[in-house]
Amino acid sequence: MPARLFLSSGDLMADRRFEFGRDLQLKGDLPAAADLLLQAIELAPNFVTAWFTLGEIREELGEGDAAIAAFRKAHAADRDDRHGASLRLMRLGAEPLAGMPQGYVQALFDQYAPRFESALVDDLGYRGPELLFRAVLSVRAAARKPAFFKRAIDLGCGTGLAATAFAKEVDHFIGIDLSPRMIERARSTGFYAEIEVADMVQGLRTKPDASADLILAADAMVYVADLTAVLTEAKRVLAAGGLLAFTTETHRGEGVIIGEGLRYAQAPAYVRASVEAAGLKLSLLEDRSARNEDNIPVPGLVAVASKT
């Protein structure tokens, strides 16, 4: 995973107290770490990283109300919410489930970019692009159509892993990602004819009607709380007979939840309903894990929807 985000308070003494507190946190002395973070906050009341870390410690200590208060302070100190304090509040039940802050996603992946592929593939056994490729081939074979696409869009393209898997089957690839540093790496692959920095919905909205034959979203829907907006735009952009293929994480309950890794998990019934609501036809929905956590496959789904 990326290095931990640190946003300086602008006060050298406060930053140093934070560093000492962080060291104690890593050593497991949470009460002492909390004391040092409070000292740092006293010196710099809007020290967002100290507030966020204090919230983590309070949560680990089982002090729910104090954790919520600290995460609220962190969010107030950084309206871009680059630490994802609002997501922690959702996990604690202090805020309703809502969309993921763009500032958090961009900061996360800008940090992640230098070692994204090695961490994802080597450490987490990532297999999303391969799963999507097999799913698309299966759907095309069942429809007795060739698995070749003139124009494809790769949503949340990252460093270009999905484009690598589909490169021989796509004539013109468009990559869209919210992280500028990820985009830099994707551009260097040479697989994309066009590439842009935008979130998925924003990127799709700039595309003409019926202008793509394939839209991919490998490990991207886990950052989307409400699939409807993405799927609806995808349907507009797809040409007749075009496919939307995506992976997501799932759970045994209903609707959408936010997991411990601060990624959304969508129940199978929710995915089916969202595809139907967008006016697409669900061609395939399978239980498939796209990655591991602690060497255990994370429950997931592979979906392929078509525009009829």
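1. A162 is buried, at 4% relative accessibility; buried means under 20% relative accessible area, exposed over 50% and partly exposed in between, with a 1.4 Å probe and protein chains only. A162 sits in helix α9, where helices (H or I, at least four residues) and strands (E, at least two) are DSSP runs numbered from the N terminus. Leaving out residues up to four places away in sequence, A162 touches P129, D154, L216 and A218, a contact being heavy atoms within 4.5 Å. S8 is 154 residues from A162 in sequence, and their C-alpha atoms are 36 Å apart.

2. On the basis of the note: this is a predicted model, in which local features need pLDDT of at least 70 and side-chain atom pairs count only at pLDDT 80 or more, while totals for chains, interfaces and linings use all residues. Residues are numbered from 1 along each chain as its sequence is written, and side-chain values use heavy atoms, with hydrogens and water left out.

3. The largest nonpolar core has 80 residues, of which I153, L155, L214, I215 and M221 touch the most other members. Such a core is a set of buried Ala, Val, Leu, Ile, Met, Phe, Trp, Tyr and Cys residues joined through side-chain atoms within 4.5 Å. Neighbours within four places in sequence aside, M221 is in contact with M200, L227, V230, L231, F246, T247, T248 and Q266. A second core of 26 residues is separate and includes L5, A50, A67 and I68.

4. Helix α6 (residues 102-112) packs on helix α10 (residues 180-189) at an angle of about 45 degrees, with the axes 7 Å apart. Axes are lines fitted to C-alpha atoms, for helices over the stretch in contact, and angles run from 0 to 180 degrees between N-to-C directions. The two helices, α6 and α10, are therefore oblique to each other; under 35 degrees counts as roughly parallel, over 145 as roughly antiparallel, 65 to 115 as roughly perpendicular and the rest as oblique. Q106, F109, D110 and Y112 of α6 meet P180, R181 and M182 of α10.

5. Within α6, the buried residues are Y104, V105, A107, L108, F109, D110 and Y112. Their cover includes α5 (85-91), α7 (116-123) and α10.

6. There are seven aromatic pairs in the structure. Rings of Phe, Tyr and Trp (its six-membered ring) pair if their centres lie within 6.5 Å; planes under 30 degrees apart count as stacked, over 60 as edge-to-face and the rest as tilted. F6 and F47 are edge-to-face, at 6.1 Å centre to centre and 80 degrees between the planes. F6 belongs to the segment before α1 (12-27) and F47 to the loop between α2 (30-43) and α3 (48-60), 41 residues apart. F6 is partly exposed at 35% relative accessible area, whereas F47 is buried at 1%.

7. For F133 and F166, the ring centres are 5.2 Å apart and the planes at 80 degrees, so this pair is edge-to-face. F133 is in helix α8 (residues 128-142) and F166 in helix α9 (residues 161-166), so the pair ties together parts 33 residues apart in sequence. F133 is partly exposed at 22%; F166 is buried at 1%.

8. Two residues deserve a check of the backbone. D81, not a glycine, has a positive phi of about 55 degrees; D81 lies in the loop between α4 (64-77) and α5 and is buried at 2%. R144, also not a glycine, has a positive phi of about 55 degrees; R144 lies in the loop between α8 and β1 (149-155) and is exposed at 80%.
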